[in-house]
Amino acid sequence: MALVPGIELLRRAYEEGYAVGSFNINNMEILQAILQAAEEEKSPVMIQTSQGAIKYAGAAYLAAMVKAGAEQVSVPVALHLDHGDDWKVALQCLRYGWTSLMYDGSHLPLEENIRETRRVVEMAHAVGVSVEGELGRISGVEEQVAVSEREAFFTDPEEAEIFVRETGVDYLAVSIGTAHGLYKGKPDLDFPRLEEIQRRVKIPIVLHGGSGVPEDQIKKAISLGVAKINIDTELRQAFLKTMREKLEENPNQLDPRKVLGPGRDAMVAVVKEKMRLFGSSGKAR
Ligand code: G3H
Ligand code: ZN
């Protein structure tokens with residue numbers, strides 16, 4: 001299928017009470033693993049690229065690869081820019097065919113975040129592309145967005161209402177206790193805050209730092225309006241652990257496919273498990 005706008009996937013998920021997984025890619029094997037899992041699960045899916053991934057692989061390469069992959073599956077796929085913080089990169093993505101953009105102005109004061117996010121919304125909506133904004137800071141390290149735990153702060157529901165109204169974003173990333181990367185302890189999400197945010201904004205909510213969040217908390221979050229869940233770390237772990245094992249088994253291996261292939265298989269299993277947990281399995285239409 002051709003790529004679809006992000007909001008098409010998330011509106012349905014939001015209305016029907018499940019979440020779409022948005023998985024980060026940097027190369028072909030990660031993309032193939034996600035699309036294979038989506039096809040086997042009959043699940044809609046979002047493929048996301050950080051600005052770091054674009055710097056690594058190039059926008060033209062990534063877009064061509066994702067479009068080619070999406071055309072080979074029967075499930076709907078959206079291509080999303082994750083944690084964009086530069087309108088020039090957003091514009092580049094629009095040119096190459098991304099169908100969803102995140103503008104992450106969470107490090108900016110509210111007024112500035114609104115102004116910059118609205119600029120991206122106006123640009124993207126003009127060509128039918130949907131936009132994710134972020135309010136409140138999520139701790140941990142995301143490429144180029146490092147936030148110390150001390151600095152991190154949760155999303156204010158009243159500000160969220162103003163932000164959504166003033167920017168026109170299609171979905172909103174919030175800070176309610178998740179973190180990027182590996183959790184040191186068990187995460188403990190602030191559900192009353194999420195409920196209040198949802199009551200005020202009434203649009204799909206995005207949960208960053210989805211790796212390592214316990215199943216019961218994921219399900220509760222979905223029941224309160226979370227319709228997009230970002231997963232990166234668990235894919236990296238599965239990919240690298242398997243590749244490391246394969247290299248240790250045969251340190252003289254000369255065929256990269258013998259290492260990358262099993263790494264890809266390990267990621268398929270992770271993605272399928274997430275799709276079942278998020279309730280998106282069987283929802284492709
Ligand atoms: O934007 C990407 C995600 O928020 C990554 O979260 O590190 O828990 O996989 P993760
Ligand atoms: Zn994130």
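Visitor: Where is the place of lysine 202?
Guide: Helices (H or I, at least four residues) and strands (E, at least two) are DSSP runs, numbered from the N terminus. Going by those elements, lysine 202 sits in the loop between helix 8 (191-201) and strand 9.

Visitor: Is lysine 202 buried or exposed?
Guide: You're looking at a predicted model, where local features need pLDDT of at least 70, side-chain atom pairs count only at pLDDT 80 or more, and totals for chains, interfaces and linings use all residues. Residues are numbered from 1 along each chain as its sequence is written, chains are lettered from A and ligands numbered from 1 in the order in which they are written, and side-chain values use heavy atoms, leaving out hydrogens and water. Buried means under 20% relative accessible area, exposed over 50%, and partly exposed in between (1.4 Å probe, protein chains only). Lysine 202 has a relative accessible area of 58%, so this residue counts as exposed.

Visitor: What is phi of histidine 83?
Guide: Most residues other than glycine have a negative phi. Histidine 83, which lies in strand 3, has a positive phi although it is not a glycine. The value for histidine 83 is about 55°.

Visitor: Which residues are the protein donors of the zinc ion (ligand 2)?
Guide: Donors are N, O and S atoms within 2.8 Å of the metal (3.2 Å for Na, K and Ca); water is not among the atoms, so sites may look incomplete. Along the chain, the donors of this zinc ion follow the spacing H-x96-H-x27-H. At 2.1 Å from the zinc ion you'll find His83 (NE2), His180 (NE2) and His208 (ND1).

Visitor: How many residues apart are histidine 83 and histidine 208?
Guide: Both are tucked away: histidine 83 is buried at 4% relative accessible area, and histidine 208 is buried at 1%. Histidine 83 is in strand 3, while histidine 208 is in the loop between strand 9 (205-207) and helix 9 (215-223). The pair links distant parts of the chain, and the separation is 125 residues.

Visitor: Which residue has a side-chain N or O atom 2.6 Å from an oxygen atom of ligand 1?
Guide: Let's go through the polar contacts, meaning pairs of N or O atoms within 3.5 Å; within protein, one must be able to donate a hydrogen and the other to accept it, and residues adjacent in sequence count only if both atoms are side-chain atoms. Backbone N or O atoms reach oxygen atoms of ligand 1 from glycine 181 at 2.9 Å and from glycine 209 at 2.8 Å. The side-chain contact at 2.6 Å comes from serine 211.

Visitor: How much of ligand 1 does the protein bury?
Guide: Areas come from the Shrake-Rupley method with a 1.4 Å probe; for residues, only the protein chains shown count as cover. Taken alone, ligand 1 exposes 310 Å². The share buried by the protein is 99%.

Visitor: Which strand pairs with strand 3 over six bridges?
Guide: Strands pair if DSSP finds at least two bridges between them. Strand 3 runs parallel to strand 4 (residues 100-103), joined by three bridges, with histidine 80 partnered by serine 100. On another pairing, histidine 80 stands opposite glutamine 48. The parallel partner over six bridges is strand 2 (residues 45-50).

Visitor: How many residues of strand 2 are buried?
Guide: One side of strand 2 has Val45, Ile47 and Thr49, the other Met46, Gln48 and Ser50, and both faces are covered. Strand 2 is largely enclosed by the rest of the structure, because the buried count is six of six.
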